[in-house]
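Keep the structure open while you read.

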Amino acid sequence: MMQPSSCISNEAEEEISRHPCYSEEAHRFYARMHIPVAPACNIQCNYCNRKFDCVNESRPGVVSEVLSPEQAERKVKGVAAQLMQLSVVGVAGPGDPLANPEQTFDTFARVKKHVPDVSLCLSTNGLTLYRHVNEILELGIRHVTITINAIDPDIGREIYPWVFDEGVRYEGREAAELLISRQLIGLEMLAKLGILVKVNSIMIPGVNDHHLPAVSKRVKELGATLHNVTPLIIAPGSQYEMDGRKAPRPKELTTICRNCWGVTG
Ligand code: SF4
C-alpha cells in the first residue's frame, strides 16, 4: 500500500516522535487506539459512502460498531490494563467527531479521568472546530488533525457537494467556501494556543493534485505542525467511484510532495 508523504517543521519533532499518529518510527514503541463514538457527519466528501467509516481516517469499506461513551471508557480501561505501550487515544469517527460533540467530549473526559497517562487526539473535517477550542484546551487535547483538501472554493466544490451547519444546508461553491474558511480559522486558533495541528490532504488526481503545494504553503503559514498528503482511497458506492476516478500512482504522490513545504517522501 502506498504510504503518505509528510512535510514537518523542526520545533515539534521531539513531541511528535512519540506519537504514533504522527511518526512511523513511534509505531515500533507506542500504541494508539481509535474509538468509534461519533456516527454523524456534517459534510459530504465525494470519495465517501456514508454507509462506511470516514474515509479521511479509515480504510474504505470498514464499518465500525459505534460505542457509547460508557462503552468506550470500559474498552479503553481494558486495553490500557493489558497494553503498556498504549500512548494515544483518539476519536476518529465513524463520522466526524465534532459533528457529535457531546459523545466525543464525554468520551475524552472519561478517558482523561480514568487513564490519565495517555495523550488524547482528535481528527476532524474542521467545519465546527472553532466552536470547540475551549473544550479542547480544558481536556488537554494536544494533537488535532484537520483534513484540508483545498483552499480554493472552486476546487473544493469538486470535492464537497454539500455541508450542513446550524440547520442550513449549503451547496456548491458556497459550501466549499464555508468549509475552507472554518478549517483555516480553526487551524490558526489552535496553532496560536500551542496545540499541535496536523493537516491531512487527500491527493485527488485531476481535482486537487496541482493545488496541494498551495495548500501546504497556506497551512504552514497558519501554524500547522505537519502536512501529510495521502493518496485518494475511494469508498465503494461513492460519487468518485461512480465518476470512475482513480487513485494516484506512487510516483505522482512523490512528485507532488516534492513541491510541498520542507522535506517530502
Ligand atoms: S468527513 Fe468526509 S470522509 Fe469523513 S465521514 Fe464525513 S463525508 Fe465521509
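Leu67 lies in the loop that runs between β3 (43-44) and α2 (69-82). Its relative accessibility is 10%, so Leu67 counts as buried, the cut-off being under 20%. Keep in mind that this is a predicted model.

**Around Leu67**
- Leaving out residues up to four places away in sequence, Leu67 touches Pro36, Val37, Ala72 and Lys75.
- Leu67 and Thr107 are 40 residues apart in sequence. In space, their C-alpha atoms are 9.8 Å apart.

**The chain as a whole**
- The protein chain has 265 residues, and 52% of them count as buried.
- Its secondary structure comprises nine helices and ten strands.
- Take the contacts between residues at least 6 apart in sequence: 75% of these join residues at least 24 apart.
- The chain exposes about 12200 Å². Carbon and sulfur atoms supply 50% of that area.

**The ligand site**
- Four cysteines are among the residues around the ligand: Cys41, Cys45, Cys48 and Cys54.
- Ile43, Gln44, Tyr47, Arg50, Val55, Asn56 and Asn125 also surround the ligand.
- By class, this shell holds seven nonpolar residues, three polar ones and one charged one.
- Arg50 is the charged member, because Arg counts as charged and the shell has one charged residue.
- Gln44, Asn56 and Asn125 belong to the shell.

**Glu166, a backbone exception**
- Most residues other than glycine have a negative phi.
- Glu166 is not a glycine, yet its phi is positive, at about 50 degrees.
- This residue is placed in the loop between β7 (162-165) and β8 (168-171).
- Is Glu166 buried or exposed? Glu166 has a relative accessible area of 67%. That makes it exposed, because the cut-off is over 50%.

**Ala214 in a helix**
- Ala214 is part of helix α7, which spans residues 212-221.
- Its relative accessibility is 34%. Ala214 therefore counts as partly exposed, since that class lies between 20% and 50%.

How values were computed. Residues are numbered from 1 along each chain as its sequence is written. This is a predicted model: local features need pLDDT of at least 70, side-chain atom pairs count only at pLDDT 80 or more; totals for chains, interfaces and linings use all residues. Side-chain values use heavy atoms; hydrogens and water are left out. A residue is near a molecule or strand if one of its heavy atoms lies within 4 Å of it. Helices (H or I, at least four residues) and strands (E, at least two) are DSSP runs, numbered from the N terminus. Buried means under 20% relative accessible area, exposed over 50%, partly exposed in between (1.4 Å probe, protein chains only). Contact means heavy atoms within 4.5 Å. Accessible areas come from the Shrake-Rupley method with a 1.4 Å probe; for residues, only the protein chains shown count as cover.
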